[in-house]
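Please look over the sequence and the model first.

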Amino acid sequence: DVYKRQYQRRVRGIQKLRAYKKMAEEDEQIPEIPVIPDSAYKAKLDQLQGEITGYLNGGRGIEALKHLLKSRPTPCKNEQIRVDGGKIAESVFSQIKAADVDKVVNDLSGDDLEMLMKHVYSALMTGKSSTALFLSLIHISEPTRQAEIS
């Protein structure tokens with residue numbers, strides 16, 4: 001009886017290994033993700049820059065931030081294009097007043113907060129101090145929000 005159960009476990013283990021091997025072979029047939037050219041990323045950044053500039057020229061920094069959060073930081077391999085994306089985010093952060101940071105952070109959803117942090121880190125690539133200040137204000141504000149949620 002004991003030997004029969006051990007044998008059955010081994011057989012099930014072998015069947016599982018064969019199934020995993022088959023799945024691995026099928027995974028190799030998945031087509032690769034197409035490579036997006038740098039020019040497409042640059043065009044998207046230029047469009048975003050124009051939209052953000054419109055908000056900022058109108059003195060609507062918070063709306064510019066909300067618009068920025070609808071887009072992901074540029075995942076391009078070209079470092080200059082990534083830095084240009086960070087400069088757009090940095091220009092938005094520099095227009096938000098320190099007194100408004102608490103209100104802005106508290107109004108964001110969890111997904112928006114995650115996207116905000118991605119943009120903050122991309123903006124840190126520019127090396128400007130206003131982004132570091134904005135990041136520190138967010139970190140001061142965020143624990144307060146987490147305490148309220150708990």
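What is the relative accessible area of Glu114? The value is 45%, so Glu114 is classed as partly exposed.

## Overall fold

The model is predicted. The protein contains seven helices and zero strands, and the order of elements from the N terminus is α-α-α-α-α-α-α.

Of its 150 residues, 31% count as buried. Among contacts with a separation of 6 or more, 71% are between residues 24 or more positions apart.

## Helix H3

H3 covers residues 61–68, and its buried residues are Gly61, Ala64, Leu65, His67 and Leu68. These residues lie on the same side of H3, because the arc they cover around the axis is only 160 degrees. The cover over them includes helix H2 (38–57), H4, helix H5 (101–107) and helix H6 (110–124).

## Helix H4

Helix H4 has 17 residues, 79–95. At 1.5 Å a residue it should span 24 Å, and the 25 Å between its end C-alpha atoms agrees with this. At the start of H4, the backbone nitrogen of Gln80 has a side-chain oxygen of Asn78 within 2.9 Å.

Buried residues of H4 include Ile81, Val83, Gly85, Gly86, Ile88, Ala89, Val92 and Phe93. The buried set also includes Asp84, Glu90 and Ser91.

## Salt bridges

Side chains of opposite charge can pair when their charged atoms come close. The structure has four salt bridges. One of them joins Asp84 and Lys42, with the closest N and O atoms 3.3 Å apart. Asp84 belongs to helix H4 and Lys42 to helix H2, so this pair ties together parts that are 42 residues apart in sequence. Asp84 counts as buried, with 18% relative accessibility, whereas Lys42 is partly exposed at 33%. Lys42 also forms a salt bridge with Asp46, where the closest N and O atoms are 3.8 Å apart. Asp46 and Lys42 are separated by about one helical turn because they are four residues apart in helix H2. Asp46 is partly exposed, with a relative accessible area of 44%.

Glu114 and Lys118 form a further salt bridge, at 3.6 Å from N to O. Both residues are in helix H6, four residues apart, or about one turn of the helix. Lys118 is partly exposed at 31% relative accessibility. Through shared partners, salt bridges link Lys42, Asp46 and Asp84 into one network.

Note on methods. Residues are numbered from 1 along each chain as its sequence is written. This is a predicted model: local features need pLDDT of at least 70, side-chain atom pairs count only at pLDDT 80 or more; totals for chains, interfaces and linings use all residues. Side-chain values use heavy atoms; hydrogens and water are left out. Helices (H or I, at least four residues) and strands (E, at least two) are DSSP runs, numbered from the N terminus. The expected span of a helix is 1.5 Å times one less than its number of residues. Buried means under 20% relative accessible area, exposed over 50%, partly exposed in between (1.4 Å probe, protein chains only). A polar contact is a pair of N or O atoms within 3.5 Å; within protein, one must be able to donate a hydrogen and the other to accept it, and residues adjacent in sequence count only if both atoms are side-chain atoms. Contact means heavy atoms within 4.5 Å. The arc is that of the directions from the helix axis to the C-beta atoms. A salt bridge is a side-chain nitrogen of Lys or Arg within 4 Å of a carboxyl oxygen of Asp or Glu.
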